[in-house]
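Have a look at the model first, then read on.

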Amino acid sequence: MLDIEKLREINNKLGSRAGDEVLRGTGKVINETIRDVDVAARYGDDEYIILLYGADEIKAQKFIQRLRERIQKWNQTKKISIEARLNTCLMVSDRDFEVLPERMKEIIDGHKGVSL
């Protein structure tokens with residue numbers, strides 16, 4: 001699970017069109033980074049859930065690193081001046097999918113503003 005840090009700041013300072021650009025750009029980067037067997041979806045205002053089929057913790061961490069690198073590259077090409085950053089939470093599990101989104105949201109909310 002991830003959320004876009006500073007999305008509210010982007011919306012407040014630059015307007016909702018800029019925020020929408022960040023959401024679309026992030027979604028595009030996610031879709032370009034996941035494999036065909038993976039699933040990604042927007043979960044809330046600034047949150048996404050990504051299910052990485054068959055990934056263990058090491059593979060998932062490598063995925064997160066690739067995603068962060070691609071978001072950094074996207075930041076350099078976009079037209080808005082505020083850099084978008086991702087807060088991420090990694091959970092490796094093969095069951096209890098009903099509780100995962102809420103638990104992951106709690107973890108991400110608890111780490112907002114903390115450099116990971």
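## Strand pairing and a charged patch

A hairpin of 4 residues takes the chain from β2 to β3. Keep in mind that this is a predicted model. The two strands, β2 at residues 39-42 and β3 at residues 47-51, are antiparallel and share 4 bridges. If you want a spot to check by eye, go to Arg 42, whose bridge partner in β3 is Tyr 48.

Strand β3 also pairs with β1, again in the antiparallel sense, through 2 bridges. Strand β1 in turn pairs with β4, and that antiparallel pairing has 4 bridges. Here are the pairings laid out together:

| Strand pair | Residues | Sense | Bridges |
|---|---|---|---|
| β2 and β3 | 39-42 and 47-51 | antiparallel | 4 bridges |
| β1 and β3 | 2-5 and 47-51 | antiparallel | 2 bridges |
| β1 and β4 | 2-5 and 85-88 | antiparallel | 4 bridges |

Now over to the charges. Which residues gather in a patch of positive charge on the surface? They are Lys 59, Lys 62, Arg 66, Arg 70 and Lys 73. One of them, Lys 62, belongs to helix α3, which covers residues 57-77. Is Lys 62 buried or exposed? Lys 62 counts as exposed because its relative accessible area is 53%, and the cut-off for that label is over 50%.

Notes: Residues are numbered from 1 along each chain as its sequence is written. This is a predicted model: local features need pLDDT of at least 70, side-chain atom pairs count only at pLDDT 80 or more; totals for chains, interfaces and linings use all residues. Side-chain values use heavy atoms; hydrogens and water are left out. Patches are made of residues with over 30% relative accessible area and no salt bridge: like charges are joined within 9 Å, nonpolar side chains (Val, Leu, Ile, Met, Phe, Trp, Tyr) within 5 Å. Accessible areas come from the Shrake-Rupley method with a 1.4 Å probe; for residues, only the protein chains shown count as cover. A salt bridge is a side-chain nitrogen of Lys or Arg within 4 Å of a carboxyl oxygen of Asp or Glu. Lys and Arg count as positive and Asp and Glu as negative; His and the chain ends are not counted. The place of a charge is taken as NZ of Lys, CZ of Arg, CG of Asp or CD of Glu. Buried means under 20% relative accessible area, exposed over 50%, partly exposed in between (1.4 Å probe, protein chains only). Two strands pair if DSSP finds at least two bridges between them.
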